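Here is a friendly walk through one model, stop by stop. Please have a look at the sequence and the structure first.

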Amino acid sequence: MSATGIGASIKRVEDLRFLTGNGHYTDDINQLDQSHAWILRSPHAHAKLNSVDTSKAAAAPGVIAIFTGADMAADGVGGIPCGWQIHNKDGSPMAEPGHPALAVDKVRHVGDQVAIVIAETRDQARDAAELIAVDYAVLPAAIDMDTALSGASLVHDDAPNNRCFDWEIGDRDATEAAFAKADHVVSIDLANNRLIPNAMEPRAAISEFDRSTGRYTLHTTTQNPHVIRLLMGAFVLQIPEHKLRIVAPDVGGGFGSKIFHYAEEAILTWAAAKVHRPIKWTAERSESFMTDAHGRDHETHADLALDKDGKFLGLRVATKANVGAYLSTFGSSVPTYLYATLLAGVYATPAIYAEVQTVFTNTVPVDAYRGAGRPECTYLLERLVTKAARDLGMDPVELRQKNMIQPDQYPYQTPVALEYDCGDSPATFASALKASDYAGFEARRGAAEKNGKLRGIGISTYVEACGIAPSAVAGALGARAGLYESAQVRVHPTGSVTVYTGTHSHGQGHETTFAQLVSESFGIPADLVEVSHGDTDQVQFGMGTYGSRSLAVGGPAILKACNKVIDKAKKIAAHILEADVSDIEFADGKFTVVGTDKEMAFAEVSLAAYVPHNYPIEEIEPGLDENAFYDPLNFSFPGGAHICEVEVDPDTGHVEVIDFTAVDDVGRVVNPMIVEGQVHGGLAQGVGQAVLEGCVYDADGQLLTGSYMDYTMPRADDLPNFSVSTQGVMGASNPLEVKGVGEVGAIGSPPAVINAIIDALSPLGVTDISMPATPNKVWQAIQASSVRQAAE
Amino acid sequence: MYQFNYQKAGSQDDAVSALSSAEDGKFLAGGMTLIPTLKQRLAQPSDLVDLSGINDMVGIQDGGDSITIGAMTRHVDVANSDVVGSKIPALQHLASHIGDPQVRNRGTIGGSIANNDPAADYPAAVLALNATVITNKREFAADDFFDGMFATNLEEDELITAIRFPVPEKAGYAKFPNPASRYALVGVMVAQTGGETRVSVTGAGQDGVFRASDIESALSGNWSAEAAKGVKMSDDGLNSDIHASAEYRAHLISVMASRAVDAAG
Ligand SMILES: Cc1cc2nc3c(=O)[nH]c(=O)nc-3n(C[C@H](O)[C@H](O)[C@H](O)COP(=O)(O)OP(=O)(O)OC[C@H]3O[C@@H](n4cnc5c(N)ncnc54)[C@H](O)[C@@H]3O)c2cc1C
């Protein structure tokens, strides 16, 4: 093993750049002769566009051009596509209404794009935008899902009752049969609160068109430049790949919200060829709140059937999911294949049936956000199982243990399509119980009581799925793209290496982790390895970064390319060392002839590859530069156990998260420090969802949580010192044996927090609290139950 | 933001005359409220008259039985002041919990009071401590200064120059922060000065900061946390928004008042 290889907690090579303000983000880029764009957005949630009069604005100082939806439509520009087709129960395809980049007849959410103003300066563009006279005929808005489903006001004329699709998974009859023989049925109704992603860097883009070559270049804040090239080039603007370059430079966080192809990217790229000037656009923070795709937003009813001993017999789930005004790139797959396929959770429930209705509303699109579907699933299961324990007077630990899939049951086929390759939930659970001193909790509860605080403890055990694959399976389920990853490993003459990966790092530390893979593989120090990503002109191809796929899918691609390099290098070494290839061994960065002291260092072989004087030129080409694509055999399945302790101030309803223990199984750990950081970040977002964050629209569709004055982002002092550790069963489905860590924190934690709050309040008779558990809400729950108790 | 003229005043007189001659001028203090308002294009002043160069509006003076704080004194300087700490620790505590370090390094007491944000902290101190607001034209008694949400009885070209706080026998401030903005969801200051008990509430009222007379009478007879907590506040005239119902705010007023009494000792 190399000192900077797999398992080493080396410092992130990105840190110097990011911590000293030397990152190079899209907004840092300035092109010669660039112009600036301001997007005029709808102030209404739902309105007919009677007319858009730009004449006065066009005459304003500095204005270069103004375009509306009519201009794009006249050019035959296509709509923004959805990347995944879901089918209804009856086999018909989902409703897939058009999504024009600039609104044509109607605006459908506050912030919907109405016009683009291009001017010499950003302020001039914005000033001019205020002069555009838009005649809106305001229509009734469909904001909450029930109102929308009543069909009183249609977001899209071609989606009756505002339903996008009505989908099902699992065996309905088997599940009904399980309920028929159940001794107990426990039910729950809950909502998974809508979240606003809030990456630190707002979305931004600069478009360019080179008249002499017909080539377009778009620098944009995306998590997946090749996917944007594919979606925007092929579906929206009809620009072939060789004429379209997408660059995602340093990107300041995405959390999913920068996966999607956004209208602004298409508008800017299209307009650059109209004005023959580079065009720059950077979202204001308020625009980010209004127009970045939001996350979650489910309402669910679920029933769990149990036998008299508490064994789970069946699970029945009915979910309504809000997709917003338009289908965003993965808006349809998140509440289906990324959600309901995990409803077995860590339990051996034999029969499961789930139905999911998705609903169009006059709100911004909802799409993947850290965890994407799996947090919604985990929240449902872990609230329900905890409720079952309480309702049946059983111990929540024993009830879980009794129903968990046992290590010898892997590979485990769930009733909802997925086959878990490996795992050991009882082991991570046991470790978390120990690490959190679960057994000693009652003493801590007692001590808190003496201080006037209500202390509670909550559990969540979970499994999730990363690296959606294999492509053939994803395709059969409706994905409109493959989900493999590609890598190129270019060894330079002196033995340093550049790795080109199709994944994209926007804070995850890939430049470090991936260098460690190469360091391990070639036995060279990690600082001889540079990782390049984000530019479609440099990187052969890629599907980008989301769903914790980068290491699980992108990593094996790098490994494959490294192995190809080693295979070729062995041939070169064999030739020079005058041995048979089968006698060449490669270890610790040296090629050795077995049983002799004849050896060549890695860099000697690479030099020989580029200076092929003594070289097997008949047999192999010069150079040492290999490409690989990797399509996984299965998803990978990280999992673990999270245990949370809270204290509630009964006078104010304020919840303090006191302790949080996470034991996560992420398979092989490449860089423990980075893994710990990823878990911390995920936990912060999970605690945020549970107690702080919640997007609120009023009944007219105005965003009430449109700034940090009203949207509660977690701050450091809202969080405890996390106790995190990993405990791996090595991943079975990829050669690196990794599983994925980017989302586990956000997936496992919310139910642990809410279960802890309910536990704290249970002596008062409180049995339910919804996310976010704000002080007001907790206080109201306490009031309601004390009123109820007084009445009883 | 829209275009505006920037002027930096060297003296109080400069500032006032610059403002008077401007078409629609605004004083600029720490800019923590004004600049975001401009950036969002919610205001379009013709001129900004920067007060940061006026030396006699900065600083904290110990007047024995009172403390006078210049209007341009930053929150951080009140929070770090030994004079304030020894004479009115509740005021020091209040200043140290305004916003975040960046805001405390820029924001000023004059700007805060002139702005009279219904959830700001300083207005509670002015009212409960019965401070005097000193302007270039006159002195306001605390009870006469505030005039409802984001409104005061200042004239257009009137400049707050300082605030004089009488030293109380006892005072305490308890703030329940809005989880998102960390302004006061409910903040209560209780004080006893010259035998008079005053209790002010910020964050809760539809018309901004106000005196809670029920709690004042309860505490006048019995200065204790229990007495404050025992007062059941009506939710009439209280704010209701996505963060807190009026009923919850009413409840928090009594709780925060009792905690303020505890803090006052
Ligand atoms: C992120 C954030 C968090 C905050 N949190 C809190 C909080 O928790 N509690 C709290 O109380 N406040 C909070 N504030 C407000 C802040 O503390 C300032 O008090 C407030 O912004 C006003 O002070 P300023 O000096 O910045 O005034 P400015 O923004 O410069 O001016 C505000 C208004 O007052 C007028 N003005 C300024 N000085 C004078 C004067 N001397 N005479 C007459 N008129 C004048 C200006 O013309 C303007 O209309 C927060 C602000 C921010 C940005």
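Is Gly111(B) buried, partly exposed or exposed? Gly111(B) counts as partly exposed, because its relative accessibility is 29%; buried means under 20% relative accessible area, exposed over 50%, and partly exposed in between, with a 1.4 Å probe and protein chains only.

## About the model

This is a predicted model, in which local features need pLDDT of at least 70 and side-chain atom pairs count only at pLDDT 80 or more, while totals for chains, interfaces and linings use all residues. Residues are numbered from 1 along each chain as its sequence is written, chains are lettered from A and ligands numbered from 1 in the order in which they are written, and side-chain values use heavy atoms, with hydrogens and water left out.

Gly111(B) sits in helix α7 of chain B; helices (H or I, at least four residues) and strands (E, at least two) are DSSP runs numbered from the N terminus. Leaving aside residues up to four places away in sequence, Gly111(B) touches Ala29(B) and Ala71(B), where contact means heavy atoms within 4.5 Å. Between the C-alpha atoms of Gly111(B) and Asp24(B) there are 18 Å in space, and the two are 87 residues apart in sequence.

Now to the ligand. It is surrounded by 29 residues, the closest being Phe27(B), Gly31(B), Thr33(B), Thr108(B) and Asp121(B); a residue is near a molecule if one of its heavy atoms lies within 4 Å of it. This shell divides into 15 nonpolar, nine polar and five charged residues, with Ala, Val, Leu, Ile, Met, Phe, Trp, Tyr, Cys and Pro counted as nonpolar, Asp, Glu, Lys and Arg as charged, and the others, Gly among them, as polar. A polar side-chain atom of Thr33(B) lies 2.5 Å from a ligand oxygen atom, and a polar backbone atom of Arg182(B) is 3.1 Å from an oxygen atom of the ligand. Tyr183(B) places a polar side-chain atom 2.9 Å from a ligand nitrogen atom. Taken alone, the ligand exposes 970 Å², of which the protein buries 90%; accessible areas come from the Shrake-Rupley method with a 1.4 Å probe, and for residues only the protein chains shown count as cover. The elements giving two or more residues to the shell are β2 (25-28) and α7 (109-115) of chain B.

## Helix α15 of chain A

Helix α15(A) covers residues 510-522, and its 13 residues reach 18 Å from first to last C-alpha, close to the expected 18 Å; the expected span is 1.5 Å times one less than the number of residues. Twelve of the 13 residues in α15(A) are buried. Just after this helix, Gly523(A) takes a positive phi of about 65°.

His510(A) belongs to α15 and counts as buried because its relative accessibility is 7%. Its contacts beyond four places in sequence include Glu14(A), Val531(A) and Ser550(A).

Leu315(A) lies in strand β14 (residues 312-324) and counts as buried, at 2% relative accessibility. Among the residues that Leu315(A) touches are Phe179(A), Leu343(A) and Leu384(A). Leu315(A) and Phe179(A) are 136 residues apart in sequence, and 8.3 Å apart C-alpha to C-alpha.

Glu382(A) lies in helix α10 (residues 374-391) and counts as buried, at 1% relative accessibility. A polar atom of the Glu382(A) side chain is 2.9 Å from the backbone nitrogen of Thr461(A). Glu382(A) also touches other residues, including Arg400(A) and Asn755(A).

Definitions and conventions:
A polar contact is a pair of N or O atoms within 3.5 Å; within protein, one must be able to donate a hydrogen and the other to accept it, and residues adjacent in sequence count only if both atoms are side-chain atoms.
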